[in-house]
Amino acid sequence: MGSDAQIGRTNPLTEQVAADDAWTLVVEQTATWDEAEAKKITESVINSGEPFNIIYAENDGMARGAVAALDEAGITHGKDGDVIVMGFDCNTWALEEVLKGAWNYDGQCSPFQADVIDGMIKKLEAGETLTEKKIISEEKGFDCNTITAEDVANYGI
């Protein structure tokens, strides 16, 4: 909690729920970014009987844990399912889930800054001074309707 990744992934959802009366946040749990914990949380929501139609997991492992709970409960998910699944981190295996339509979306930001950081290191090694005070990384997101095998190969980590 409190990391840039957590804040950057949580705030847009919180803002959307606050801005749109049609959105209801069924449960928001602080987890350890852990697959097993996410599975337990999802199982508790399923067992509560409260209807839901989106899993917004703040990393791929959490999404995988949530999907395991959905699968065990016989709840369909992904492109043609009853529950939309969204993860973050662009692990190759997660992008493959998006490609096959088992998940709807996977996004990422920080690993895509590697080229910028590499350039900064090279400048420092060459004795140059860095002028950048803040770097905003390009975010990438992949959805099940547009992702390609080439995206998985190029952006999976």
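Modeller: Phe88 counts as buried, because its relative accessibility is 11%. Buried means under 20% relative accessible area, exposed means over 50%, and partly exposed lies in between (1.4 Å probe, protein chains only). The model is predicted, so local features need pLDDT of at least 70 and side-chain atom pairs count only at pLDDT 80 or more, while totals for chains, interfaces and linings use all residues. Residues are numbered from 1 along each chain as its sequence is written, and side-chain values use heavy atoms, with hydrogens and water left out.

Now the ring's partners. A pair of aromatic rings is described by two things: the distance of the centres and the angle of the planes. Rings of Phe, Tyr and Trp (its six-membered ring) pair if their centres lie within 6.5 Å; planes under 30 degrees apart are stacked, over 60 edge-to-face, and the rest tilted. The structure holds four such aromatic pairs. One of them joins Phe88 and Tyr105: it is edge-to-face, 6.1 Å centre to centre, with 70° between the planes. This pair links distant parts of the chain, as Phe88 is in strand β2 and Tyr105 is in strand β3, 17 residues apart. Strands (E, at least two residues) and helices (H or I, at least four) are DSSP runs, numbered from the N terminus. Tyr105 is partly exposed, because its relative accessibility is 24%.

Compare another pair. The rings of Phe142 and Tyr155 have centres 5.4 Å apart and planes at 35°, so this pair is tilted. Here, too, distant parts of the chain are linked: Phe142 is in strand β4 (residues 140–143) and Tyr155 in helix α6 (residues 149–155), 13 residues apart. Phe142 has a relative accessible area of 6%, so it is buried. Tyr155 is at 25%, so it counts as partly exposed.

Ring pairs link Phe88, Tyr105 and Tyr56 into a cluster.

Next, step along the chain from Phe88. Asp89 is in the loop between β2 and α4. Its phi is near 135°, a positive value in a residue other than glycine. Cys90 lies in the loop between β2 and α4. Cys90 is not a glycine, yet its phi is positive, about 60°. At 0% relative accessibility, Cys90 is buried.

A polar atom of the Gln108 side chain lies 2.6 Å from the backbone oxygen of Asp89. A polar contact is a pair of N or O atoms within 3.5 Å; within protein, one must be able to donate a hydrogen and the other to accept it, and residues adjacent in sequence count only if both atoms are side-chain atoms. Gln108 is buried, because its relative accessibility is 5%.

Now helix α3. Its buried residues pack against α2 (35–48), β1 (54–56), β2 (84–88), α4 (92–99) and β3 (105–108). Contact means heavy atoms within 4.5 Å. The buried residues of α3 are Asp60, Gly61, Met62, Ala63, Gly65, Ala66, Val67, Ala69 and Leu70. How far apart are the end C-alpha atoms of α3? They are 20 Å apart, and this agrees with the 20 Å that its 14 residues (60–73) should span at 1.5 Å a residue. The expected span is 1.5 Å times one less than the number of residues.

Look at both ends of α3. Asn59 caps the N-terminal end, with a side-chain oxygen 3.0 Å from the backbone nitrogen of Gly61. Just after the helix, Gly74 takes a positive phi of about 75°.

The charged end of Arg64 sits over the ring of Trp93, 3.6 Å from its centre. The test is NZ of Lys or CZ of Arg within 6 Å of the ring centre and within 35 degrees of the ring normal. Thr42 lies in helix α2. Thr42 is buried, as its relative accessible area is 8%. Leaving out residues up to four places away in sequence, Thr42 touches Ile55, Ala66, Ala69 and Leu70.

Last, the whole chain. It has six helices and four strands. From the N terminus on, they run α-α-β-α-β-α-β-α-β-α. Of its 157 residues, 32% count as buried.
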